[in-house]
Amino acid sequence: MICLTVNEQQESFVRGCVPPNGILASAADYFFIFSDRTRLKILCALCSMELCVGDLSYILSLNQTTISHQLKLLRDNGIVGCRRYGKIVFYRIVNESVERAITLGVENAV
């Protein structure tokens, strides 16, 4: 059953609000980053300060291999950046909109 209650102007407006498929695919990939609890833990920790893998592992009670794997994915997607200090690599969130997204997600969790 089709329900057609919108006029042409409303239809045009709504169609204009829906991005093209390419942009929707990129948005879905972006939101995928936030769909994993381990990545969210890491991101929440990095919202507070720059941390190295060892510190993240200790604080979050996760093994370093898991942390490193997730940080690579986050880095490859432009969510976190890093800086080297001798042999230690420190990670940080590079996009403040990510911090806002994390904060909104946590505040609106039911």
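The model is predicted, so local features need pLDDT of at least 70, side-chain atom pairs count only at pLDDT 80 or more, and totals for chains, interfaces and linings use all residues. Residues are numbered from 1 along each chain as its sequence is written, and side-chain values use heavy atoms, leaving out hydrogens and water.

**The core**
- The largest nonpolar core holds 21 residues, a core being a set of buried (under 20% relative accessible area, 1.4 Å probe, protein chains only) Ala, Val, Leu, Ile, Met, Phe, Trp, Tyr and Cys residues joined through side-chain atoms within 4.5 Å.
- Leu-43, Leu-46, Leu-56, Leu-71 and Val-80 have the most contacts inside this core.
- Helix 3 (37–48) is among the elements giving two or more residues to this core, and the largest share, 4 residues, comes from helix 3.
- Helices here are DSSP runs (H or I, at least four residues), numbered from the N terminus.
- Beyond its neighbours within four places in sequence, Leu-71 is in contact (heavy atoms within 4.5 Å) with Ile-42, Leu-46, Val-53, Leu-56, Val-80 and Tyr-91.

**Helix 3 with helix 5**
- Their axes (lines fitted to C-alpha atoms over the stretch in contact, with angles from 0 to 180 degrees between N-to-C directions) come within 10 Å and cross at roughly 80°.
- Helix 3 and helix 5 are therefore roughly perpendicular, a label for angles of 65 to 115 degrees.

**Helix 4 with helix 5**
- The axes of helix 4 and helix 5 come within 9 Å and cross at roughly 120°.
- Val-53, Gly-54, Leu-56, Ser-57 and Leu-60 of helix 4 meet Gln-64, Ile-67, Ser-68 and Leu-71 of helix 5.

Notes
Buried < 20%, exposed > 50% of the residue type's maximum accessible area, 1.4 Å probe, protein only. Parallel < 35°, antiparallel > 145°, perpendicular 65-115°, else oblique.
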